[in-house]
Amino acid sequence: MADEVVHRIVSMLTIRVRTTVPLSRRLIWIERPWALAHTPEARAKKPVRKDWNVLVRKTRMVYEPDVAFVKERARGRFVITILHDNKTGYLIIQAWCAGGGNGKNETPCEISVAPQEVVELLLERGRKDLTRPVEVSPGNFNYYNMYAQRGLRQQEICEVLLGCLRLDTFRNTLTVGRLKFARVRTRLLSTLYDTLWWTDLLRRRTSGKGTKVFQEARRIGGRLVYVSVYESWGDFLFECYEAKTGQSYNLYSTLGEVMQAIRGSPAALASYLTGVRINRYPPLLIRLVLSRLTFSLPGECGRWWRSQLFNERPFLLLLPASRGELLYRGPVYHEQRRVSGKCAVAKVLVGARGDLRLTVSSPPSGAEHCKYEGKPLHLDVDKESLRRIVRSDLELLRPSRKVEMYKFLFDRLTLVENDHDHHGGGSKKATSPSPTCNFRSTPAWTLAVAKASLGRSRLTSALRAHTAWAKATNAPVEREVWGEEEGEGQGEGEGEGEDGSKAGGGENHHKLMLTSVVDVDDQCEVVYEGSWSGRGAAAYGGGGDYGGGGDYGDYGGGDYTARVCVTSGG
């Protein structure tokens with residue numbers, strides 16, 4: 001036993017000479033087939049074949065395949081012998097040209113056929129019955145009948161194989177049915193099955209990065225990075241490289257995650273679904289998606305972007321529309337002041353790219369009759385809009401004048417009651433609407449509503465087109481991304497509105513707006529409010545500033561509401 005093992009190991013070693021200098025020799029393993037007697041390849045190649053039985057030997061006329069454009073098929077007479085190996089089940093078809101043909105094929109040939117290839121040839125000829133086990137009638141079983149049935153089955157199989165023999169038109173040799181094609185296909189598939197390309201072909205999705213659709217340098221999460229965006233059937237791969245630290249960050253987002261990030265903009269969603277079909281995305285859409293990217297470190301908790309420690313590594317996040325508050329950190333500045341005559345706490349939060357979020361919330365102290373007791377409101381101001389707002393004094397954009405710019409924005413904050421509070425006929429006391437209360441009739445509001453309505457209609461059409469396209473092409477994407485009813489409701493108070501009207505899970509009675517003109521009265525606190533009659537103005541006499549027919553003469557005799565207000569400075 002030991003001698004046989006050593007003999008086999010030594011037989012698998014060979015000596016190779018390396019071409020490098022100095023010359024050296026080393027032992028390596030030779031590739032298959034090994035020189036082992038029990039392997040089918042070795043038994044088929046041995047010059048003296050032991051335990052091979054002759055199943056049939058016949059003389060047959062073999063023709064070329066029948067082709068419509070060939071008038072006369074080539075033929076040849078061959079003496080055909082089929083050998084069978086009892087140990088491995090292999091068959092060998094030996095053929096010698098016996099004359100009587102056109103003399104094209106004069107060389108003897110041997111064709112080895114594996115057991116599984118025999119089954120394929122039988123199925124190709126429609127003889128599935130020959131692949132079933134041999135059956136012996138009950139009550140008549142004996143070894144003689146079993147061997148007889150086995151011999152009959154072998155003869156039938158040999159007849160089917162003889163009927164599969166054809167002359168190869170291109171190679172001028174014998175072939176058995178489609179055996180050569182099947183072997184080439186098997187070798188090809190065995191090679192492809194281990195490749196990444198074949199796996200991607202079956203999945204219909206690339207395992208690589210995808211197609212690069214966008215790249216630029218931008219600030220994300222307080223870091224200046226170089227961003228590259230790759231796309232594969234709507235899935236985005238974000239690659240960020242930070243030159244300052246030499247680190248790279250990756251984030252893979254699926255189609256559903258991208259849609260959740262931009263679901264607050266129906267027009268962007270419609271453009272995104274269209275881009276999935278044509279693999280083209282507008283730069284504005286990619287920048288909108290990138291605006292939802294941020295970096296996060298352990299322990300930040302949305303307070304501020306801190307510097308990472310030597311053993312820490314930040315990770316990228318694509319924030320959904322429902323978590324937009326994580327895009328802003330702070331507050332960087334806050335003060336308790338009066339907004340539209342109500343005492344409130346105004347805060348400024350800053351984004352990674354210089355965008356601002358102005359928030360108004362209830363104060364911890366102040367007069368009860370003028371405290372703002374509603375839910376927190378916020379108003380987002382991007383850096384492009386900020387430049388237009390402070391165009392009257394661009395010096396406010398300097399870093400040294402940030403506090404002045406924040407106060408400049410606070411002075412223009414206005415709380416506007418919703419329309420249903422004025423016209424709903426509820427239990428609230430009716431008040432005379434201020435000029436800013438009619439903001440829904442302004443051209444800017446009308447244009448915004450028209451754009452939102454157009455975006456929702458385009459989103460509904462894009463959802464239908466996406467579903468129809470995915471079903472027709474069997475694309476490897478999610479087909480029913482959203483229902484039509486859900487698509488029509490996008491942008492209508494979904495997540496966080498720009499004025500915070502849905503913040504806190506319920507509807508607010510106020511909206512936060514920026515006005516172009518500072519109303520000094522709105523920045524004052526009402527300390528007294530009562531009724532006043534204009535008929536008492538004539539009691540001051542006839543001379544001086546308070547005489548009859550003076551400044552109060554225009555009021556007539558009506559009743560008015562009088563208020564006493566104080567400014568922030570007292």
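Q: What counts as a helix here?
A: A helix is a DSSP run of H or I with at least four residues, numbered from the N terminus. In this predicted model, helix H1 covers residues 2–11, and Val5 lies in it.

Q: Why is Val5 called partly exposed?
A: Its relative accessible area is 38%. Buried would need under 20% and exposed over 50%, so Val5 falls in between.

Q: What makes Tyr249 and Phe295 an edge-to-face pair?
A: Their ring centres are 4.9 Å apart, within the 6.5 Å limit, and their planes sit at 70°, which is over 60, so the pair is edge-to-face. Tyr249 belongs to strand E12 (residues 247–253) and Phe295 to strand E13 (residues 293–296), so the pair ties together parts 46 residues apart in sequence. A search of the whole structure turns up ten aromatic pairs.

Q: How do you know whether Tyr249 and Phe295 are buried or exposed?
A: Check each against the 20% cut-off: Tyr249 has a relative accessible area of 3% and Phe295 has 2%. Both values are under 20%, so Tyr249 and Phe295 are buried.

Q: What makes Arg223 a charge over the ring of Phe295?
A: The charged end of Arg223 sits over that ring, 5.5 Å from its centre, and the distance has to be within 6 Å. Another case is Arg412, which lies over the face of Phe408 at 3.6 Å from the ring centre.

Q: Why do Arg337 and Asp411 count as a salt bridge?
A: The N to O distance is 2.6 Å, and the cut-off is within 4 Å, so the pair qualifies. This pair links distant parts of the chain: Arg337 is in strand E15 (residues 328–339) and Asp411 in helix H11 (residues 402–411), 74 residues apart.

Q: What makes Asp393 and Arg401 a salt bridge?
A: Their closest N and O atoms are 3.7 Å apart, and the limit is 4 Å, so they pass. Asp393, at 27% relative accessibility, is partly exposed, and Arg401 is partly exposed at 22%.

Notes: Residues are numbered from 1 along each chain as its sequence is written. This is a predicted model: local features need pLDDT of at least 70, side-chain atom pairs count only at pLDDT 80 or more; totals for chains, interfaces and linings use all residues. Side-chain values use heavy atoms; hydrogens and water are left out. Rings of Phe, Tyr and Trp (its six-membered ring) pair if their centres lie within 6.5 Å; planes under 30 degrees apart count as stacked, over 60 as edge-to-face and the rest as tilted. Helices (H or I, at least four residues) and strands (E, at least two) are DSSP runs, numbered from the N terminus. Buried means under 20% relative accessible area, exposed over 50%, partly exposed in between (1.4 Å probe, protein chains only). A charge sits over a ring if NZ of Lys or CZ of Arg is within 6 Å of the ring centre and within 35 degrees of the ring normal. A salt bridge is a side-chain nitrogen of Lys or Arg within 4 Å of a carboxyl oxygen of Asp or Glu.
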